[in-house]
Each structure stands twice: as structure tokens, then as C-alpha cells.
Amino acid sequence: MDGHRRRRANAKSIRDAEDEPPAPVARAPASRAPGRGAVNGAASGTSPLEKLYFEDYAVGESFESVGRTFTEADLVLYSMFTGDWDRLLTSDGRWKVPEMFAYSVGLCLLLGIGRFVYMPRSFIAFYGFDHITFGTEIGIGDTIRSTVTVTDLVERDEGRGIIVWRHETVDQHGRQVCSSNHRALCGRRGEQ
Amino acid sequence: MSGQKDIREFWEDFAVGDRIETGSRTITETDIVTWSGLVGDWNPVHVDVEHAKLSPFGQRIAHGNIAFNLSVALAAQSARGVYRPVGYAGLAGWEAVRFTAPVFIGDTIRAERELVDMEKGSDDCGILVYEVRVLKQDDELCMIGRERMLVRKRGIGAGA
């Protein structure tokens, strides 16, 4: 891919080549260079995935986030924020990312898939987490990414429906770090 | 520390009905912005005053995950010896976590825990199941859930 770009750069100036979008996709800012999630998943944040209503989802539909590497700064800031300075270690002696923090970050990675993708614009209320599991422990230097899959769509009344998700966060080796089942109340498309 | 009573080191030392109460903490604007940056959740209901004015609450609300994370951190701060005993081996998960009321800037929260079940788990580790409640200054419940914690067993499981 790099070589392809280089060849084109010979014909034009390097700047022109870089400004040219690779496909009909809008140009991403330089800071949004494609990462693992953008390559693997449909969601790069630039595609028209935005959801308005309950009806815009289908059971089995899935979204994948980009990755995030836990740094020492992350863990220091988390300890500063919470006031919990227990430094637990992974079995190989690294500072362990607290399960609650890995979970919180893993879940928020889903928001980065795009505005109103994982949660629609008509989002009303979040019920909570029905079931959360913590699996493989991770430490500084490990990278997580998350996927979320629609597992059920429940019509609640004429105006509202419940979207049921299964979320999973894995590390760079694909081992499950945490998972959850959760639900949100969302608006339905009116008749009109 | 070799006393028998009130020292909780391993799974066997706990009993259903054990309670942990924490100190309290006022949630500030700084907390909300810091948390947004830490985890990357910049939802306007948390950080946009103008957007929040039009919401049902009329003001910014703290992320549910702040109360969720602090329910653990406050216990670790206030009751470290009991909540993180010698045999502590990590969290296994949570069940039925619900956010029952919004937390606003200036609200003061605290957490209560009651041990409601003890599962035998494996040979090495048992599971403590705590019912966790996060309460506001006026005792309004803002979060509830069941926390599952792994604690090593005494003897062969203690590895000593």
C-alpha cells in the first residue's frame, strides 16, 4: 500500500498524492491514520453508519473499535482519579490494569466507532449491565479493542424499543479481557 | 497480624452478611472532565452545558462509570484490609448493574457492600458475591449491582 502511494507520488507532488482520497471515503485527518480497527472493521468513523432509530439495527449486526494501548500514564491517572493506589501485578510482573478500568476503556472504545453508531441518535436511557465478566489480565503495554453485537431487538411500545448488545474486549492476542451484556432504550421511527 | 476475629485473609474467613461501608466523595466538574479524558467518553450529556440544559435533567450528569469505578475504589480506600484481603485474586465480574438515578456535579456519593453469597469456586479460589449500593447524600440510590470477587482459599490454595 505504501509502495502504491510512493508510485503515485512520483507523478504528482507528494502533497497532492497525500491529499487525494483513496476511495469515495472522506479524507481522514492525519491523526486518524488507519489502525487495526479501521482495517478489520467497517467502522473507520468516516462511513455513513449513523443510526437514528431502533429500526436501523438488525440482530447480528456487529461493530469493531480501534485499539488502545495501556500506558503507565493511564494507570497513574486512573489511580489519581480513583484514589485507589493498590498496585497489583500481572503474573509476569507488570503493573496490572485494574479490571474496572480495562472495562471502562473497553466500553468507551465503542463510542469511538462513530457518533450514533453503537448508540443511535434517538437514545433515551441506558439500563445498565446485565452480566459482566473479567477474563485475561492485562498490564502496561497491552492493547485492547472491542466489538459489540446486537443480540436482540425488543419492541417496547409504539414509540420505544430496547436494543440488546453483547460486548467483548480482547487483547492483542485475541484473548478475552472482559465482556458484558447490556441494553438501551431507544426511540422508534414514527409512522408518518 | 495473626488474630482470628475480624481479620479477613482468605475466602474461609468471610461470612454472608459481612458489610463494608465507605467514606464519601463529592463529584466535581473536574471529576467529569478528567474521566472523559481518561476513557474517551465525551458524550455531550456529560461535558456540554448547553446541550445538557435541553436534556431532561437540565444540567450535566456524571458518567455512570464514575459511580461504578468509585464503588470499588472507595471500598479499597476505606476498608482495604477487608476489601483487598491477603487472598485477593481479582474481580470475576458483575451481575445486574443498574444506574438508578443521575449523579450531578456537587452530589456526594458513598458505597455500601453486603456479602450475600459465597461460592466455592475452584480448589484454589472461592467467589465472594457482594451486593453493592452507591448512595447519594440524601440516601437516594444511584447505582446497584452484584460484584463477584475471587479470593484464594486457605491451605493448599494459599500457595504457602
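**View 1. Polar pairs where chain A meets chain B.** Between chain A and chain B, 16 residue pairs are in polar contact, both partners at pLDDT 80 or more; that term covers a pair of N or O atoms within 3.5 Å, where within protein one must be able to donate a hydrogen and the other to accept it, and residues adjacent in sequence count only if both atoms are side-chain atoms. This is a predicted model, with local features needing pLDDT of at least 70, side-chain atom pairs counting only at pLDDT 80 or more, and totals for chains, interfaces and linings using all residues. Residues are numbered from 1 along each chain as its sequence is written, chains are lettered from A in the order in which they are written, and side-chain values use heavy atoms, with hydrogens and water left out.

**View 2. A salt bridge between Asp84(A) and Arg84(B).** Here the closest N and O atoms sit 2.9 Å apart.

**View 3. Strand E3(A) against strand E3(B).** These two strands, the one in chain B spanning residues 88-99, run antiparallel and are joined by 5 bridges (DSSP must find at least two for strands to pair). Look for Gly128(A), which stands opposite Arg98(B).

Notes: A salt bridge is a side-chain nitrogen of Lys or Arg within 4 Å of a carboxyl oxygen of Asp or Glu. Helices (H or I, at least four residues) and strands (E, at least two) are DSSP runs, numbered from the N terminus.
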